[in-house]
Structures are given as C-alpha cells and as structure tokens.
Amino acid sequence: MEFSRSVAIALEKAVPCKRVGVSVIGLEVPHVHVHLIPLNTMEDARFVNKVKLEKEEFEAIAKRISSFLE
C-alpha cells in the first residue's frame with residue numbers, strides 16, 4: 001500500500017483530477033489488484049464512461065506519471 005500511495009500521488013500530479021480513488025479487487029485472478037482511479041466526481045468510480053486512448057497517449061501518460069515518482 002505504501003507503493004500504491006506513491007503512485008497515487010504521482011498520478012494526481014500527472015493527470016488532471018480532484019482526487020485518486022483506490023479499489024482493491026482480485027476476483028478474476030488469484031491475486032489482488034490495486035486500482036488507482038483519477039476521479040473528478042464519484043460518478044467516475046462507476047466505470048460506466050470509459051476513456052479510449054491510443055497507445056501513444058497511454059505511453060505519454062505513463063511517462064508523465066513516472067516523472068513524478070520519487
């Protein structure tokens with residue numbers, strides 16, 4: 001969870017959002033996943049409106065998040 005917190009802080013700096021939500025799920029696979037979700041409203045946590053990005057856009061966001069990791 002300490003590492004997840006570090007990534008969440010970097011994510012909040014890299015992606016415009018009001019806060020980062022945390023969801024810990026492990027139903028589909030035999031281990032736990034920590035999902036960090038940029039949120040502007042609680043509606044964003046419902047996973048109804050999915051954002052579609054090109055591979056290059058994902059890579060740019062990942063690079064930006066990485067740049068904020070300490």
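The following conversation goes through a predicted protein model, from its overall layout to single residues.

Q: What kind of model is this, and how are the residues numbered?
A: This is a predicted model, in which local features need pLDDT of at least 70 and side-chain atom pairs count only at pLDDT 80 or more, while totals for chains, interfaces and linings use all residues. Residues are numbered from 1 along each chain as its sequence is written, and side-chain values use heavy atoms, with hydrogens and water left out.

Q: What is the average pLDDT of the chain?
A: The protein chain averages a pLDDT of 90, and 100% of the residues score at least 70. The term pLDDT denotes the predictor's confidence in each residue, from 0 to 100.

Q: Which elements does the chain have, and in what pattern?
A: The protein chain contains two helices and two strands, arranged along the sequence as α-β-β-α. Helices (H or I, at least four residues) and strands (E, at least two) are DSSP runs, numbered from the N terminus.

Q: Where is confidence lowest, and where is it highest?
A: Confidence is lowest in strand 1, with a mean of 91, and highest in helix 2, at 96.

Q: How much of the chain is buried?
A: Of the 70 residues, 20% count as buried. Buried means under 20% relative accessible area, exposed means over 50%, and partly exposed lies in between (1.4 Å probe, protein chains only).

Q: Which residues make up the largest nonpolar core?
A: That core has eight residues: Ala-8, Ala-10, Leu-11, Ala-14, Val-15, Cys-17, Val-20 and Ile-65. Its largest share, four residues, comes from helix 1 (residues 2-14). A nonpolar core is a set of buried Ala, Val, Leu, Ile, Met, Phe, Trp, Tyr and Cys residues joined through side-chain atoms within 4.5 Å.

Q: What does Val-20 touch?
A: Leaving aside neighbours within four places in sequence, Val-20 is in contact (heavy atoms within 4.5 Å) with Ala-8, Leu-11, Glu-12, Leu-36 and Ile-37.

Q: And Ser-4, is that residue buried or exposed?
A: Ser-4, which lies in helix 1, is buried, because its relative accessible area is 14%. Not counting residues up to four places away in sequence, Ser-4 touches Val-34 and Leu-36.

Q: Changing topic, how many salt bridges are there?
A: The structure holds two salt bridges. A salt bridge is a side-chain nitrogen of Lys or Arg within 4 Å of a carboxyl oxygen of Asp or Glu.

Q: Which residues form them?
A: One joins the side chains of Arg-46 and Glu-43, at 2.6 Å from N to O. Arg-46 is exposed at 53% relative accessibility, whereas Glu-43 is partly exposed at 43%. The other links Glu-59 with Lys-55, whose closest N and O atoms are 3.7 Å apart.

Q: How are Glu-59 and Lys-55 placed in helix 2?
A: Glu-59 and Lys-55 are four residues apart in helix 2 (residues 55-67), so about one helical turn separates them. Glu-59 is partly exposed at 44% relative accessibility, and Lys-55 is exposed at 56%.

Q: Which residues make the nonpolar surface patch?
A: Met-1, Val-22, Val-24, Val-32 and Val-34 make a nonpolar surface patch of about 480 Å². Patches are made of residues with over 30% relative accessible area and no salt bridge: like charges are joined within 9 Å, nonpolar side chains (Val, Leu, Ile, Met, Phe, Trp, Tyr) within 5 Å. Accessible areas come from the Shrake-Rupley method with a 1.4 Å probe; for residues, only the protein chains shown count as cover.

Q: Where is Val-22 found?
A: Val-22 is found in strand 1 (residues 19-25), and at 48% relative accessibility Val-22 counts as partly exposed.
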